[in-house]
Amino acid sequence: MSSSSIAIVILLAIGALFCVIGVVGMWRMREPTQALHYMNLPATVGIACVTVAVLLQTGFSSALIKSSVIALILLSINSVVTHATARAFYIRNQNRGRSNRPPWDFSREEQQ
Amino acid sequence: MNAWEIAGSIVSATLLLCADMCLRGSPERRLVGLEMTGVIVTIALICFTVGFGRLPLMDLPLALSVMSLGGALVFARFLEKHL
């Protein structure tokens, strides 16, 4: 087993581990705004490790270019989407007449 | 199975939790689950593309990454205004 193969396995393990941690953390959080934070784990570390592993596996190829573009898209647009989603939650919460509650409080939504 | 296929399988297994997020709870939680699903499926498709040696199929996760994040923005806007 060459050193590049070992590096690929380690990078893929780290990427998959961060994806699992991100999804389990998102699933465990009760509030949607808390769960939003966990989207950044696979969208930053996960895709970065996979892109470096693609570099080691295929060299400088079209697959590496496309994987790098995917990484750039996820790194740049994911923060925008997260911010827009949190803003939508905030405005939705305000419009529902719950201004006396903090904007991250979505509990007991069904009872009101 | 090589390392890419194992990694893709592990990442794909987390889609069960994403499906649970999308199918239960408030609309806010469902939207968060949908956004996470787009990111996870993109990474899984990259792993499977390299693992199976079908490198031209790398266009699929590339298109999915653009479309899923754009779709999430539309859903967020819809949730904010109309739902």
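Is the crossing of helix 2 of chain B and helix 3 of chain B left-handed or right-handed? The views below take this up, using a predicted model.

**View 1. Helix 2 and helix 3 of chain B pack against each other.** Let's start with the opening question: the crossing of these two helices is left-handed. Their axes lie 7 Å apart, at an angle of about 155°. Because that angle is over 145 degrees, helix 2 of chain B runs roughly antiparallel to helix 3 of chain B.

**View 2. Residues where helix 2 of chain B meets helix 3 of chain B.** Helix 2 of chain B brings Leu15(B), Cys18(B), Met21(B) and Cys22(B) to this contact. Among the residues they meet in helix 3 of chain B are Arg29(B), Val32(B), Leu34(B) and Ile40(B). The contact is made up of eight nonpolar, two polar and two charged residues.

**View 3. The largest nonpolar core has 51 residues.** Here you can look for Leu12(A), Val50(A), Ile40(B), Ile43(B) and Cys47(B), which touch the most other members. Helix 3 of chain B gives the largest share, with 12 residues.

**View 4. A closer look around Ile43(B).** Setting aside neighbours within four places in sequence, Ile43(B) is in contact with Cys19(A), Pro42(A), Gly46(A), Ile47(A) and Val50(A), as well as Val11(B).

**View 5. Chain A meets chain B.** In this view, 43 residues of chain A are in contact with 38 residues of chain B. On the chain A side, helix 4 supplies the largest share, 17 residues. That side of chain A divides into 31 nonpolar, nine polar and three charged residues.

Key. Residues numbered from 1 in each chain as written. Chains lettered and ligands numbered in written order. Predicted model: local features only at pLDDT ≥ 70, side-chain atom pairs only at ≥ 80, totals over all residues. Core = buried A, V, L, I, M, F, W, Y, C linked by C-beta atoms within 7 Å. Buried ≥ 20, exposed ≤ 12 C-beta atoms within 10 Å, placed from the backbone. Helix = DSSP H or I, 4+ residues; strand = E, 2+ residues; numbered from the N terminus. Contact = placed C-beta atoms within 7 Å. Axes fitted to C-alpha atoms, helices over the stretch in contact; angles between N-to-C directions. Parallel < 35°, antiparallel > 145°, perpendicular 65-115°, else oblique. Left-handed = near helix turned anticlockwise from the far one by under 90°. Nonpolar A, V, L, I, M, F, W, Y, C, P; charged D, E, K, R; others polar.
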